[in-house]
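Trainee: I would like to learn how to read some features of a model. Could you take me through them one at a time?

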Amino acid sequence: MEALRQELLAVFDAEYRDHLRVVRDILAAGPLDGRGISEIFRRVHSLKGAARVVERADIETIAHALESRLFGLLDGQQPVTAEDLTAIGAAMDQIDARMQDVGEPSAEPEPGSASPPAREEVADSYVQVPVSRLDALVGVVHDMMGIAERQERLWADLEDLTATAARRVGPATDPAVELARLTRALSALSRERGRIAGQADRAMMRLEEEVRAVTLVPAGTVFGSLTGMVRQIAREHGGGEVTVRLLGMEVRADRRVMQALRDPVIHLLRNAIIHGLESPARRRAEGKPAEPVLTLSVRMLGVRLLVSVSDDGRGPDLEAIAARAVRQGLMQPDDPRLPETLLGMVFAPGFSTRAAADRIAGRGMGLSVVAEAARALQGSVRMEAGSPWGTVVTMAVPVSRRQRTTLVVEAGEMTVGLPGRVIERLTRVRQADVRMVDGRACFSLERRRAVAGGGAGAAVLVPVAPLAAFLGQPDAALPVHDGALSVVVLGMADGGCCGFAVDRMREVRTLHISDAEAVGLDSELIPGVGWPRGDRPVFVLSPDTLLERWQKAGATGGYFAGADDAVPEGGGMAPRHVPTVLVVDDSITTRTLQKTILQTHGYDVLLATDGVEALSLLHRSSRRIDVIVTDVEMPRMDGFALLDAVRSDPRLSRIPVVLMTSRNEEADIRRGLEGGARAYVTKQGFEQGELLDIIRGVL
């Protein structure tokens, strides 16, 4: 029974919002006629009955009183007065406030009735889904069922082929002929399997997109009911009536994002009432409307959802903010008092310019909660002075959120991501190993193939093209760095593969992906944008679109950087020097991590477990070692001793040494740098990008 009650409460929540929206729209449309009164009466009557079903006696009482008043207006004998309009609006605000669980109700619940539940008790929420969206979902499911049937037929054909081959085996069978027949049949089945796999992959992507689209809801479904709550708070605060404007309520975004923003928006609306309301006399003196205006607006900017709360009050008090910041130690008395700096401080925990706290304000938590909520959504928040008066606070967050494991690379001027599901191999290809074959730049790759009797390795030619050529730089050359290419090899639906050369492979990470349709980019190729940190985006590519365009373009060759580097037909160029890094650490985990990072970014790597082994390698290795990255705490010979030995040996002293250790005491750092280390990196704050930047800097 409890589960049923929770479901009914969720349905009632959606129903009351619909009734509330219609009644407010009728009131805002202008003078009430008989049709408008009739529609409001019908809505209030339905709301009263629904409230009775879910045992919300408080809502039922308010609706019944309003229904009685409206009944006297239905026959048109009584004129609709301004007092009637105020009463209708106030009653709807009371219902809204009770549903939002804000303030004290003006109507008492009936004796013995259940107390109104907090909103958090409602287990689920309901959204309205357009029929066209459901039709699209049904279409995708139908396609997937067809793919499953083709998969079943494929397995049946394979079983028939096996059975036929077993029957045909005999003394009269020519093994060569039978093998050729089986090879052709298996090849055809393999091609069909590749086509089915490609179609299934695309269908799954379409299903993901359609299901995700269902979660997109208009802003009004989440924020549209806040007007009554705001007016109720204003009355409690002694500010009288306020006008609440809602703009952009038709904007659609991920339901989870909208709901996550609801509480921060309530904080901002409360803050606007507490800090923005002015006396009627002051408003008249400044030429403002008699009734304060609060505006909640939602709009899209690129792949960002911008939610702003503004008022037409006194505006930010920069002097009060500065004084509070000095008292809290956030700034010094003689620091420059730049408006943008001061307005950024109001989001610090515990910050408030209000002298005393009351029930809903002054404790300094509101704006810090808003900032934390924005950060949790990979977004940001800012405050600014309104024009011509007031304050505007804007939260900017991604439109929707999906998690996807992505390889982040740099190609040309862009940072892009490739979904991990399509990546077959990451590899480094020496420039000398690239050949021109039929007008295409290609390299040889040892690739495992599924064949009868188990997997076997086979060398295949892989065409390679610069990824930047598909990102708005059609004349891009193959990015050769230190005599080699960094190549991402993608598998294709027909079982083949192709390579895309990038400038740098950065990392593999799980990104929150937002829709990119509103960015103004090529949304077919770049359907999503990830926000790993701050506002620097990673443009996530559609591998299917990328491969389709690669096939249409013919992947023509001649992509080397500079005419002097162009690969002649049938030949290559001598490779340039690839830097070699000697990694010295007694931890096998640390050695493996650093080796993987460095090799991924084009370096050759030698490993040593301590200073003694490192010195031995330095003296006997035939390879030129370009930089040493060493731990400090190691057995036999530590990093400081190794540094001293390298610096004192004329044959080795030219090699830069980077100390990377968990010892972060100032004395250790000074000892390392004064001893000749080119850099000192602490493992506590280790980031692979920092290590790579340091190595590039010392080479």
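Trainee: How many disulfides are there?

Mentor: With a disulfide taken as a pair of cysteine sulfur atoms within 2.5 Å, the count is 0. C498 is in no disulfide, and its nearest cysteine sulfur, on C497, lies 7.1 Å away. C498 is buried (under 20% relative accessible area, with exposed over 50% and partly exposed in between; 1.4 Å probe, protein chains only), at 0%. This is a predicted model, where local features need pLDDT of at least 70, side-chain atom pairs count only at pLDDT 80 or more, and totals for chains, interfaces and linings use all residues. Residues are numbered from 1 along each chain as its sequence is written, and side-chain values use heavy atoms, leaving out hydrogens and water.

Trainee: At what angle do helix α8 and helix α9 cross?

Mentor: Two packed helices are described by the angle and the distance between their axes. Here the axes of α8 (residues 226–236) and α9 (residues 255–276) come within 10 Å and cross at roughly 35°. Axes are lines fitted to C-alpha atoms over the stretch in contact, with angles from 0 to 180 degrees between N-to-C directions.

Trainee: What is the strand order in the open sheet?

Mentor: Strands of a sheet pair through backbone hydrogen bonds, either parallel or antiparallel. The 5 strands are ordered β20-β19-β21-β22-β23, with parallel pairing, where a pair needs at least two DSSP bridges. β20 and β23 stand at the edges, each with a single partner strand.

Technical notes. Helix = DSSP H or I, 4+ residues; strand = E, 2+ residues; numbered from the N terminus.
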